Amino acid sequence: MLQLISPAKINLFLQILRRRVDGYHDLASLFQTISLYDHLTFSFAEQDELTCSDACLPTDSSNLIIKAVDLFRRKTGLKFGLKVHLEKHIPYEAGLGGGSSNAATTLWALNELHSRAYPLQDLMTWSAEIGSDITFFLSNGTAYCTGRGEIINSLNPLPKESLWIAKPAQGLSTPTVFKHLDLTQLSLHDPERTLIGFYNGRPLYYNDLEEPAFRIDPALHHIKQQLMEMGFHAVLMTGSGTAFYCLGSKTPYQIPGVTFYPATFIRRQPGQWYSQISI
Ligand code: C5P
């Protein structure tokens, strides 16, 4: 049996560069893992079985955990059955990468259960076949991601930050937000300069997916304004939303329908998976 945590991520900035002929979008984004975790338990079994603490989550082949198990079997030719239990804490339809993190954790776990038969680079290459954000979780936890999001540049640690995740009750699906993107409204920054700014004390926080998300649900814009009034030094929607991260050590006051989670940046040590004491 193997128990692993599966962390959430935030996008410190997220810039959409263009729509591609395959329907996806090229982007440039600084991803960071945070201390908000699901818990996954893996054991070999006669047959595959996925159970989840949250009855609302599908546990069929649409779940990225099942897709990761099938991918690993397909790539390695190994035959095994796997029982997985998912203790869900990361909010979904939030832009926090919960499902992608679960898939990356499953690939890591399967390699552990097979005595690390495959190099990490193989897991990273395979992971891009089942989703754009999965590869990131196999990085060291801080990465500049380009392409669909699957091209990873692992980076040095960022200055430590305390933060709050603010999750509005309503969720948004990633394809819906991308569908509402107005390509004439994209930011015109040089993303590589933005990236450097995070390492020389001049961070710039922006997310091109905020505008379409706010157009779909204007209440989200109002929530962002309320969060900004609390005095955080940055408030930004993560990924395709609907969660916001709020940087700084302020204590938030309640907003009806919004759940707050405290967090910090975390990282993975080489050769180890994320742990609750990792930093
Ligand atoms: O790759 P993933 O399955 O996470 O993407 C979900 C959806 O988000 C895609 O079907 C696509 O509509 C959109 N997407 C995109 N460009 C990206 C990543 C995702 O358009 N770079």
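This text goes through the pockets of the structure and then its aromatic rings. The model is predicted, so local features need pLDDT of at least 70 and side-chain atom pairs count only at pLDDT 80 or more, while totals for chains, interfaces and linings use all residues. Residues are numbered from 1 along each chain as its sequence is written, and side-chain values use heavy atoms, with hydrogens and water left out.

A pocket here is an open set of points on a 1 Å grid over the protein atoms alone, where a 1.4 Å probe fits, with protein on both sides within 12 Å along at least five of seven lines; lining residues have an atom within 4 Å of a point. A volume is the space filled by probe spheres set on the points, which are joined across faces, edges and corners.

The largest pocket has a volume of about 1,200 Å³. It is lined by 44 residues, of which Leu64, Ser100, Asp133, Thr174 and Pro175 are the closest to its centre. At least two lining residues come from each of strand E1 (2–19), strand E2 (25–45), helix H1 (64–76), helix H2 (98–113) and helix H4 (174–179). H2 gives the most, with 4 residues. Helices (H or I, at least four residues) and strands (E, at least two) are DSSP runs numbered from the N terminus.

The second largest pocket holds about 160 Å³ of space. Its lining consists of His189, Asp190, Arg193, Thr194, Ile196, Gly197, Asn200, Arg202, Pro203 and Leu204.

Rings of Phe, Tyr and Trp (its six-membered ring) pair if their centres lie within 6.5 Å; planes under 30 degrees apart count as stacked, over 60 as edge-to-face and the rest as tilted. The count comes to 15 aromatic pairs. In one of them, the centres of Phe13 and Tyr144 are 6.4 Å apart and the planes stand at 35°, so the pair is tilted. Phe13 belongs to strand E1 and Tyr144 to strand E5 (residues 142–146), so this pair ties together parts that are 131 residues apart in sequence. Both Phe13 and Tyr144 are buried (under 20% relative accessible area, with exposed over 50% and partly exposed in between; 1.4 Å probe, protein chains only).

Phe198 and Tyr205 form an edge-to-face pair, 5.3 Å centre to centre with 90° between the planes. Phe198 is buried at a relative accessible area of 7%, whereas Tyr205, at 22%, counts as partly exposed. Ring pairs link Phe13, Tyr144, Phe198, Tyr205 and Tyr206 into a cluster.
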